[in-house]
There are 2 protein chains.
Amino acid sequence: MEKYRVAIVGATGLLGQGIFSILEQRSFPVDKVSLLATDDTVGRTIYASRNSYTVKAANKSEFNDIDIAFFVAGDDASRRLVPQAVESGATVIDSSSVFRQEPDVPLVIPEVNAADIQAHRGIISSPNCSSVLLNMVIYPLHRVNRVKRVIVSTYQSTSGLGLPAMDELTLQTRQIMAGENPKSNIFPHEIGFNVLPQIDVFLDNGYTREEWQLLEETRKILHNNDILVSATCVRVPTLKGHCQAATLEFSSEINTDFAGDTLAKAPGIKVMDDTDINLYPHPRIVAGTDLVMVGRIRQDVMNLYGLGLWIAADNTRKGTALNMVQIAEEINKTARVKAGGRK
Amino acid sequence: MEKYRVAIVGATGLLGQGIFSILEQRSFPVDKVSLLATDDTVGRTIYASRNSYTVKAANKSEFNDIDIAFFVAGDDASRRLVPQAVESGATVIDSSSVFRQEPDVPLVIPEVNAADIQAHRGIISSPNCSSVLLNMVIYPLHRVNRVKRVIVSTYQSTSGLGLPAMDELTLQTRQIMAGENPKSNIFPHEIGFNVLPQIDVFLDNGYTREEWQLLEETRKILHNNDILVSATCVRVPTLKGHCQAATLEFSSEINTDFAGDTLAKAPGIKVMDDTDINLYPHPRIVAGTDLVMVGRIRQDVMNLYGLGLWIAADNTRKGTALNMVQIAEEINKTARVKAGGRK
């Protein structure tokens with residue numbers, strides 16, 4: 001069995017730590033791991049189950065003997081270092097938005113469009129976590145009844161911006177309960193006991209980049225330039241777990257039982273939907289799990305072509321880190337097929 | 001000037017306290033106030049700026065000399081006591097959902113359908129707070145360009161269920177930060193650092209009563225049985241201030257400047273919308289204010305008939321208590337007109 005020399009750029013962040021532990025949990029065939037960073041965590045020691053690792057600076061030379069490099073250090077780091085890693089011969093799995101719309105960069109959710117990976121030329125992008133959640137759910141339905149339009153409102157946790165953002169929430173929460181006035185460094189306004197209808201920067205058309213990405217990434221992932229996605233992306237004062245309230249408009253009639261059955265059979269999805277016992281997914285249930293959960297499946301008000309549903313998943317796992325490891329698993333699968341089953 | 005003998009049923013709750021202080025803030029012509037309750041707060045002393053009041057049990061005899069009775073003690077109390085208050089000659093302004101769909105009960109937002117008050121036979125209902133917010137915003141637009149469909153997702157604060165619910169949020173928040181496991185009494189699941197896609201009970205069609213009310217109340221308030229409202233109502237861990245992400249579909253093209261101007265001129269609304277400086281309303285800004293604020297006004301993705309917008313207001317004020325006092329002000333206005341301007 002082939003083993004891979006792996007680098008994680010951004011290894012000390014929430015997603016880097018996630019990738020590191022998920023590689024072990026899923027027994028990804030790792031030969032050696034380089035933990036790299038672009039910030040002041042360089043030099044830190046990371047203790048894992050069998051080894052300890054020293055975090056090194058993410059310089060070009062570090063990629064010389066790397067097969068797969070996971071990038072989770074943000075847009076600037078990816079813009080600067082991904083081309084160097086590719087030049088050094090590594091295959092990059094990138095979480096940033098920098099390359100997602102490049103024509104020769106596959107944008108992949110393995111359960112949805114694993115085959116796209118074949119076309120890569122060194123970089124494979126993992127979608128925005130909101131796009132992962134939404135497309136995991138609309139794809140199985142879209143396959144059997146073309147989705148024409150999605151209206152989606154999100155309820156996104158602070159972990160979408162990493163550990164410092166989670167810390168800002170808990171600090172502000174403490175301050176507000178103590179009657180103090182919190183200051184915001186990471187969020188545009190207070191997030192403690194608050195809700196902010198802004199994620200990422202605003203574009204000229206009034207949407208945020210996060211909202212517009214949901215449209216553009218969905219089109220690329222589904223290979224469908226006709227689908228419309230109208231999004232409102234909202235930060236809520238939670239720690240882990242993103243949710244989405246989605247209204248789907250299909251090409252023909254759809255009923256809720258059929259939709260529920262279709263979703264229940266789809267890989268990576270768990271239907272959690274029993275209103276008799278107030279059962280539906282929510283952040284505290286999905287945090288730490290690998291599944292995208294769906295509930296509140298209902299016929300749209302007087303529209304047989306429409307469906308309402310509620311999506312929740314751990315944004316740090318299936319939303320990003322797990323999805324990236326799954327992409328690596330697809331690369332490994334292909335390599336084994338190409339090698340004619342070499343062990 | 002006519003003065004009114006006023007009763008507040010549920011006087012010790014969040015909304016009762018709100019009505020009591022708003023009556024004074026807006027100099028409503030009060031002759032005397034009876035503070036009534038249906039729970040163990042009977043006997044409590046309430047200190048106001050000039051007087052102290054003893055809370056009395058809400059029995060039929062208490063309504064004998066009352067002109068206007070505000071009911072904010074919940075559905076059961078309204079079901080039992082509103083008919084008695086009406087029989088005793090009081091005009092009831094009711095916040096419960098019990099009478100809202102009765103044909104001879106006006107359902108009123110004064111900025112939208114004040115004229116409906118004339119038809120009352122003793123009871124005037126104040127809409128669900130979510131209906132107030134939504135209709136305050138869609139009505140001025142609907143007047144000039146008929147709204148055909150609304151898709152709305154809500155971000156509702158714990159104060160929608162009163163003071164004990166706010167206490168449950170802060171207690172759970174403390175417990176979670178201390179590493180303890182919170183128990184939920186008021187909410188169906190944990191609300192601390194969580195999001196719950198359930199407000200009120202579920203109906204057979206998969207919607208909650210809160211969601212379905214948004215459809216039915218909008219139709220009654222706008223006198224329009226064709227409008228569609230698809231709602232997902234969600235509780236978020238905030239204290240005061242409800243928000244809504246709404247997508248509106250109009251009968252003809254609408255542009256964002258026109259919509260913004262129309263809303264800016266509408267009574268009770270403040271447009272707060274400048275994405276260049278990250279300006280939009282959010283719970284911490286609207287809490288304690290009387291206005292319904294609107295931001296994030298944008299053309300829907302590739303649909304000239306559509307508009308996206310973001311609504312926020314203090315659910316305990318314009319959402320309920322203030323709206324009820326405004327209904328009383330309309331009654332007073334009518335009475336003065338009827339009396340030929342008698343002072």
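**A tour of the two-chain model**

Select Phe71(B): its bridge partner is Asp94(B), in strand 7 of chain B. The model on display is predicted.

**The parallel sheet of chain B**

In chain B, six strands form an open sheet with parallel pairing, in the order 5-2-1-6-7-8. Strand 5 (56-57) and strand 8 (123-125) of chain B have a single partner strand each and stand at the edges, so one side of each has no neighbour in the sheet.

Next, select helix 2 (residues 75-87) of chain B, which lies across strand 1, strand 6, strand 7 and strand 8 of chain B. Helix 2 runs at about 160° to strand 7 of chain B.

**A helix pair in chain B**

Select helix 4 (residues 129-144) and helix 7 (residues 256-265) of chain B. These helices pack at an angle of about 120°, and their axes are 9 Å apart. Helix 4 and helix 7 of chain B are therefore oblique to each other, and their crossing is right-handed. To see the contact itself, display the side chains of Val137(B), Pro140(B), Leu141(B) and Val144(B) in helix 4, which meet Ala259(B), Thr262(B) and Leu263(B) in helix 7. The residues of this contact divide into six nonpolar, one polar and no charged.

**The mixed sheet of chain A**

Move to chain A and select Val150(A), which stands opposite Leu248(A) in strand 11 of chain A. Strand 9 and strand 11 of chain A pair in the antiparallel sense over eight bridges. The sheet to show here is an open one of six strands in chain A, with mixed pairing and the order 10-9-11-14-13-12. Its edge strands are strand 10 and strand 12 (269-271) of chain A, each pairing on one side only. On average, and with direction ignored, neighbouring strands of this sheet are turned by 25° against each other.

Helix 6 (residues 209-222) of chain A lies across strand 9 and strand 10 of chain A, at about 155° to strand 10. Helix 7 of chain A lies across strand 12, strand 13 and strand 14 of chain A, and runs at about 165° to strand 13. Keep helix 7 of chain A selected and bring in helix 4 (residues 129-144) of chain A, which packs against helix 7 at an angle of about 120°.

**Between the chains**

Finally, display both chains together. The contact takes 47 residues from chain A and 47 residues from chain B. On chain A, the elements that each supply at least two residues to the side touching chain B include strand 9 (147-155), helix 5 (163-177), strand 11 (242-250) and strand 14 (303-313). By class, this side of chain A has 24 nonpolar, 18 polar and five charged residues.

How are the two copies related? A rotation of 180° with 0.0 Å of shift along its axis superposes chain A on chain B, with an RMSD of 0.0 Å. That is the relation of a two-fold axis. The same surface serves both copies, as 100% of the contact residues of chain A recur in chain B.

Terms used: Residues are numbered from 1 along each chain as its sequence is written. Chains are lettered from A and ligands numbered from 1 in the order in which they are written. This is a predicted model: local features need pLDDT of at least 70, side-chain atom pairs count only at pLDDT 80 or more; totals for chains, interfaces and linings use all residues. Copies are superposed by least squares on the C-alpha atoms of residues with pLDDT of at least 70 in both. Two residues are in contact if their C-beta atoms, placed from the backbone, lie within 7 Å. Axes are lines fitted to C-alpha atoms, for helices over the stretch in contact, and angles run from 0 to 180 degrees between N-to-C directions. Helices (H or I, at least four residues) and strands (E, at least two) are DSSP runs, numbered from the N terminus. Angles under 35 degrees count as roughly parallel, over 145 as roughly antiparallel, 65 to 115 as roughly perpendicular and the rest as oblique. A crossing is left-handed if the near helix is turned anticlockwise from the far one by less than a right angle, and right-handed if clockwise. Ala, Val, Leu, Ile, Met, Phe, Trp, Tyr, Cys and Pro count as nonpolar, Asp, Glu, Lys and Arg as charged, and the others, Gly among them, as polar. Two strands pair if DSSP finds at least two bridges between them.
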